[in-house]
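Try each one yourself before reading the solution.

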Amino acid sequence: MSAYAAVDLGASSGRVIVGSVVDDRVALHEVNRFPNGPVRVGGSLHWDVLGLYRGILDGLRAATREVGALDGVGIDSWAVDYGLLDGDGQLLGAPFHYRDARTDGVPEKVFATIPAPELYARTGLQVQPFNTVFQLVAAQGTAALASARGMLLIPDLLGYWLTGVRVAEVTNASTTGLLDATTREWALDVAATLGIAESLLPPLRDAGVLLGHVREDVGLLGSVPVWTVGSHDTASAVVAVPATGTDFAYISCGTWSLVGLELDQPVLTEESRAANFTNEAGVDGTVRYLRNVMGLWVLQESIRTWNEAGLPADLPDLLAAAARVPALTTVVDIDGPAFLPPGDMPSRIAAEAARTGQTPPQSQAETVRCILDSLALAYRRAVRQAADLAGHSIEVVHVVGGGVRNELLCQLTADATGLPVVAGPVEGAALGNVLVQARAAGVLSGSLADLRAVGARGLDLRRYEPGATGGPTDRQWAAAERRVEGP
């Protein structure tokens, strides 16, 4: 038996999961879970990266106590955020959280220097105000950036603390807006034009190679290798998609939803840019052609708002009540800028409904149903646009991540897209993380298709067929799309 520790960091929690590989099958076991979230300091949002590192160390030690010496460690996390290092390799302050407001208006400043079509043709990245390139431009003129001699994205920073080796793994580097989408090398001319020092950008490494070994002072048994994996959690999750062919779309559904296709080449057309699709690097030279959708964040923030107000907000009860609300009563553009920052989402939903001439939700159940209908509508748009822009046929939609547990959302996704939905695995990023580690270590071999076949063995998958519960017709979904646009 081989045992690998997958460190999987999400926007609301982190976990260390042990994946044991036996007889070409992977069994996952969570050994530590710890909270994660923004910390507001002096009016700015930051990550408690030291707390995350402590949770990782606790998890690795717990894994060692349970299974003995580990055969590897791999780290994946959310994208774009980074830590700055001084000349001694020490962290210069707490990393900023991508929802911090410091990047407001920065994309427009960047596009005044490099026009948006020109930047997209090089990097293939959709415009999100929190992209790393915009964060670095926002940081210009600060003492921290002036003092910085290096930059590491969050999983690379944590890997550096474990091993002492500084690199940028390519799948996450591709989310910075500073990586050439075609060559998968740093676009140094882009960085120079924007005043970003080349010295900040570390050497690039592909997923599936040895990063280094865990430092002795961490206290694990033996010499534990740390492998590069798809360090952007979506890249790892896509590895775990239990697809049996190539004509599939995927939705990595958690705090964010990443909706797209796996391609061999990037799509860098003007039509793709206008539709705000991104071309991010995948494992084994693939391209994750996708769009970010706001995801379950809006539901999570709604529940937090209700809890703070002393209202009952039990998720299973809310979902059961939402299932009884008539479909598509109210829908909003779930990707609208109003839903990006933390705050009172039910009030924002009501305001957006009123703005588009609809009756705002009148209860918690109606608000939850609005969120789920609106998410399914966003998935419909993204899946269909991706297929059209890439010239790629789709026969099935695979949903992975925490959203797999939301049966109502999975059924609505099948109804909205008009395609069967296969839901599972829940821990997609951790499974993909382990699969890449095991292949790097020589325990597994073969292509992504081979890894997916191993990962799929023993998974509890559920299939949802369009219209199985008498949901809205395609015409009704199309009408709802028009409603989102407003009068």
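**Exercise 1.** In which sense do strand β1 and β6 pair, and over how many bridges?

Solution. Keep in mind that this is a predicted model. Start with the pairing: β1 (residues 2-9) runs parallel to β6, with five bridges between them. Next, pick out a facing pair: Val7 sits opposite Ile75 of β6.

**Exercise 2.** Work out whether β6 is buried or exposed, face by face.

Solution. Take one side to begin with: Gly72, Gly74 and Asp76 are buried.

**Exercise 3.** Check the span of helix α16 against its residue count, then look at its burial.

Solution. The helix covers residues 428-440, which is 13 residues. As for burial, twelve of the 13 residues are buried, so α16 is largely enclosed by the rest of the structure. Among them are Leu431, Asn433, Gln437 and Arg439. After the helix comes Gly442, with a positive phi near 90°.

**Exercise 4.** How many disulfides are there in the whole structure?

Solution. A search turns up zero. Take Cys253: its nearest cysteine sulfur belongs to Cys410, 7.2 Å away. A disulfide needs the sulfurs within 2.5 Å, so 7.2 Å is too far for a bond. Cys253 is buried at 3% relative accessible area, and Cys410 is buried at 2%.

Note on methods. Residues are numbered from 1 along each chain as its sequence is written. This is a predicted model: local features need pLDDT of at least 70, side-chain atom pairs count only at pLDDT 80 or more; totals for chains, interfaces and linings use all residues. Side-chain values use heavy atoms; hydrogens and water are left out. Helices (H or I, at least four residues) and strands (E, at least two) are DSSP runs, numbered from the N terminus. The expected span of a helix is 1.5 Å times one less than its number of residues. Buried means under 20% relative accessible area, exposed over 50%, partly exposed in between (1.4 Å probe, protein chains only). Two strands pair if DSSP finds at least two bridges between them.
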